[in-house]
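Here is a short briefing to read alongside the model. Please keep the viewer open as you go through the points.

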Amino acid sequence: MIAFKLILVLFLFVEEFMEKAGSLHARKRHRLAAARTVLAAAVGFGGIAVAFAFGGEFPSKVPVPANNPMTPQKISLGKQLFFDPRLSLTGDVSCETCHNVMGNGSDGLPLSFGVLGRVDTPRHAPSVFNAAFNTVQFWDGRADSLEAQAKGPILNHVEMGMPNAADLVKRLQEIPGYRDEFRKVFGDKDPITFDHVVQAIATYERTLVTPDSPYDRYVKGDKAALSSSAIEGMKTIRSFGCESCHAGPMFDNPGTPMGTGWFQKFPVQPHNPVCAKYVQKYHLMDDPGRFDVTHKAADMHVFKVPSWRNVALEAPYFQNGSVRTLQTAVRVMAACQLGLTVTNKQVSDIVSFLDSLTGKFPKETMPTLPETPNTTIMMNVSRLQKVAVENEKK
């Protein structure tokens, strides 16, 4: 762990040096030097070299915390809760609303809509597919697990809007089917709790993985799985040193332990003339990023490195969903992170490679939600809204 921290410090040092480079030519040379320095350091520290390896076969298993083992019954309950809009204040927004598992795991919007038509600023909803492999959750990494992440939207006044965990638990306790199912999964003693709700949701989310992409078949030995353009794109990406950030099988971290995260400043080179135009057009520096979590100046405009898995299907791009196409996103990354202006062929090849990271999605079906015969549990929405408003003022 000490070795890993030393590598991170070294990486941040060369990154700062890159940003201060006085010319585009110098930035090109220093960008390559930075990538090589980090990778060389990884090799030198032993045991970290593999962590920094480019790509790799899709993991055969998802990480599962010891205190929340997966069972078929818990997966089924979690799926119901994921799809159930009654977990929201107004009864019309579910986890699935912003993370559509019938599609790409997101909603295709720059910014999502929550309860009462509120817009969830300032960040784009990432895909829930393969989120089980994220070492931290949210763009700013403020949640260290899927369980911690699931708590956020439910109690967020813009997203699902429940004023507190107690009111959510009370609502679920009024649904006979949930009383029975929580008891089967968590036992007879106090089965419906907020922690149990998010444990079930997280368990279902761990089934949402997309293996067997063309790239995965390629690394297993099927050399016909990638087009010549995709192979050229992979070579170009590696020559640029992109694996300094987009490393490992998920192309999002070099093997950091669960709960620790892998972060990068974005944009690294906002004063690069080409990047400056993108910054202005796409408002890339409006969001303080991880600074909101740590309140450290060094974390201003720092974000969790996103996975490249299924990136071809996850438009719009970046933390604020401001970029419509993957081709433009590649140009922005080249200019703002590497100080490069890429050619049309390089963009085409890189996109071809990124397309090859689209895996096979699991077949999902809508669950049947437990009913409340002869009554409704949604009569107290106005009271809950008043409580939520009062909470916002505090």
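**Salt bridges and cores**

Arginine 123 and aspartate 140 form a salt bridge, with their closest N and O atoms 2.7 Å apart; the term means a side-chain nitrogen of Lys or Arg within 4 Å of a carboxyl oxygen of Asp or Glu. The model is predicted, so local features need pLDDT of at least 70 and side-chain atom pairs pLDDT 80 or more, while totals for chains, interfaces and linings use all residues. Residues are numbered from 1 along each chain as its sequence is written, and side-chain values use heavy atoms, leaving out hydrogens and water.

**Salt bridges**

- The structure holds 19 salt bridges.
- Arginine 123 counts as buried at 13% relative accessibility, and aspartate 140 does too, at 3% (buried is under 20% relative accessible area, exposed over 50%, partly exposed in between; 1.4 Å probe, protein chains only).
- Aspartate 212 meets lysine 360 in a salt bridge (2.9 Å, N to O).
- Lysine 360 is exposed, with a relative accessible area of 52%.
- Shared partners join Arg123, Asp140, Arg142, Asp287 and Asp292 into one salt-bridge network.

**Nonpolar cores**

- The largest nonpolar core has 41 residues, and those touching the most other members are Leu284, Trp308, Phe318, Val332, Phe353 and Leu354 (such a core is a set of buried Ala, Val, Leu, Ile, Met, Phe, Trp, Tyr and Cys residues joined through side-chain atoms within 4.5 Å).
- Apart from this core lies another, of 33 residues, including Val93 and Met162.
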